[in-house]
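Hi,

Here is the structure I promised to pass on. Have a look at it first, and then read my notes below.

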Amino acid sequence: MRIGILTSGGDCPGLNAVIRGAVVKGDRIHGQTFLGIKDGWRGLVEDDVIPLPRHDVRGLSRQGGTILGTSRTNPFDDGGIDQVRKVMAHHEMDAVIAIGGEGTLTAARRLADEGINIVGVPKTIDNDLSATDYTFGFDTAVEIATESIDRLRTTAESHHRCMVVEVMGRHVGWIALHAGLAGGAQAILIPEVPQSMGQIAEWVESARDRGRAPIVVVAEGFTLDGEEHPDAPRGLDAFGRPRLGGIGERLGPMVEDATGIETRVATLGHLQRGGVPSAYDRVLATRFGTGAIDAVVEQKWGTMVSLSGTEVVTVDLHDATTVLKTVPRSRYDEAAILFG
Ligand SMILES: Nc1ncnc2c1ncn2[C@@H]1O[C@H](COP(=O)(O)OP(=O)(O)O)[C@@H](O)[C@H]1O
Ligand SMILES: O=P(O)(O)OC[C@H]1O[C@](O)(COP(=O)(O)O)[C@@H](O)[C@@H]1O
Ligand SMILES: [Mg+2]
């Protein structure tokens with residue numbers, strides 16, 4: 001059997017561990033042959049496909065990024081199903097393992113609906129995919145954000161300042177919630193729960209009044225009460241998505257004006273996606289890779305590997321892509337008891 005592997009959407013620590021897990025198991029147990037599809041769906045529609053022998057995945061579980069490259073190409077805009085069929089036939093590719101987030105897996109679901117043999121693997125630092133308890137990449141991002149908050153806190157305390165820390169999270173606030181809780185933030189602002197400037201100022205002042213240096217963690221997709229869209233001062237990216245990032249820089253002066261507390265801003269940005277995966281993410285990603293091979297062998301087309309408790313299972317791609325996994329209001333309220 002000849003299997004193509006692609007990585008698509010924003011990169012994420014653990015992508016290489018998935019590739020290694022799949023190739024080593026497929027080669028060793030089933031004698032399968034692997035092909036690397038370059039830059040996500042782009043490689044599949046433009047026929048940019050390379051051999052992916054077991055030798056090439058040696059030592060990959062600790063390596064950040066993706067050796068295959070990634071892009072945000074939409075296969076339906078740039079070639080469509082006929083082109084995908086043609087490229088697969090050209091390489092005698094029997095199946096594709098698509099590693100990506102909600103966008104990539106929606107494309108995978110549409111291709112599976114058209115009869116392409118596809119199995120999905122969920123990745124995202126945002127942890128916004130339904131039908132899996134966790135995605136790899138999230139743990140590493142939270143670890144990096146937490147360490148950053150710890151470091152920002154000591155400088156904020158020395159100067160008696162407030163620190164606004166902007167983290168990633170396009171539609172959901174999981175990174176902000178977990179890193180904020182782990183770092184003991186005095187306010188956590190997430191896309192799911194708009195807040196007023198008055199409330200934010202109240203939390204900051206109350207922390208200051210107790211002698212603390214207030215830390216405000218804000219997800220890039222957060223909006224103030226009454227605002228319709230998150231800040232995207234740099235316009236759209238190459239694929240028409242708003243380039244988020246900027247709410248922290250906007251909030252900093254507003255907090256300073258509202259409270260009189262000297263405030264600094266740190267935007268963590270792509271630091272959260274770079275570098276080596278955590279041990280947890282290496283294990284999860286490797287298990288997803290070997291699990292994807294089981295799904296291919298069992299011809300479970302149109303499914304995605306998923307973590308259910310501690311077990312790797314498969315779920316229908318439809319279930320995984322219909323609804324985003326947002327932070328439930330009760331989880332936010334639980335954290336909010338500690339704000340201020
Ligand atoms: N409904 C869709 N149909 C086909 N392709 C899609 C769809 N939604 C997203 N995609 C493609 O998948 C790419 C990756 O999605 P994106 O959200 O950027 O990353 P991720 O897969 O990490 O969520 C998008 O740029 C787009 O080209
Ligand atoms: O790398 P880019 O294009 O700047 O994209 C940034 C976006 O990618 C993410 O890191 C991950 O998003 P995806 O999982 O949808 O790729 C978001 O948190 C962030 O908004
Ligand atoms: Mg996405």
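G120 stands opposite M304 in strand 10. That's from a predicted model, by the way, so please read the rest with this in mind. The strands concerned are strand 5 (residues 118–122) and strand 10 (residues 303–308), which pair in the parallel sense over 2 bridges.

Two helices to look for here: helix 1 (residues 15–30) packs on the sheet, where it touches strands 1, 2, 4 and 5, and its direction makes about 175° with that of strand 1. Helix 9 (residues 279–297) packs on the sheet as well, touching strands 1, 4, 5, 10 and 11; with the direction of strand 10, helix 9 makes about 135°.

As for the sheet itself, it is open and built from 7 strands in the order 3-2-1-4-5-10-11, with mixed pairing. Strand 3 (49–51) and strand 11 (311–316) are at the edges with a single partner strand each, so one side of each has no neighbour in the sheet.

Now the ligands. Around ligand 1 there are 17 residues, and G9, R72, N74, G101 and G103 come nearest. By class, that shell has 3 nonpolar, 11 polar and 3 charged residues. Helix 4 (residues 102–113) gives the most to the shell, with 6 residues.

Ligand 2 has 14 residues around it, with G9, G10, G101, M168 and R170 coming nearest. They divide into 3 nonpolar, 6 polar and 5 charged. Where does ligand 2 lie relative to domain 1 and domain 2? Both domain 1 (2–137 + 277–321) and domain 2 (139–274) give residues to its shell, so ligand 2 lies between them.

Cheers

Definitions and conventions:
Residues are numbered from 1 along each chain as its sequence is written. Chains are lettered from A and ligands numbered from 1 in the order in which they are written. This is a predicted model: local features need pLDDT of at least 70, side-chain atom pairs count only at pLDDT 80 or more; totals for chains, interfaces and linings use all residues. A residue is near a molecule or strand if its C-beta atom, placed from the backbone, lies within 6 Å of it. Ala, Val, Leu, Ile, Met, Phe, Trp, Tyr, Cys and Pro count as nonpolar, Asp, Glu, Lys and Arg as charged, and the others, Gly among them, as polar. Domain bounds come from an automatic or database domain assignment. Helices (H or I, at least four residues) and strands (E, at least two) are DSSP runs, numbered from the N terminus. Two strands pair if DSSP finds at least two bridges between them. Two residues are in contact if their C-beta atoms, placed from the backbone, lie within 7 Å. Axes are lines fitted to C-alpha atoms, for helices over the stretch in contact, and angles run from 0 to 180 degrees between N-to-C directions.
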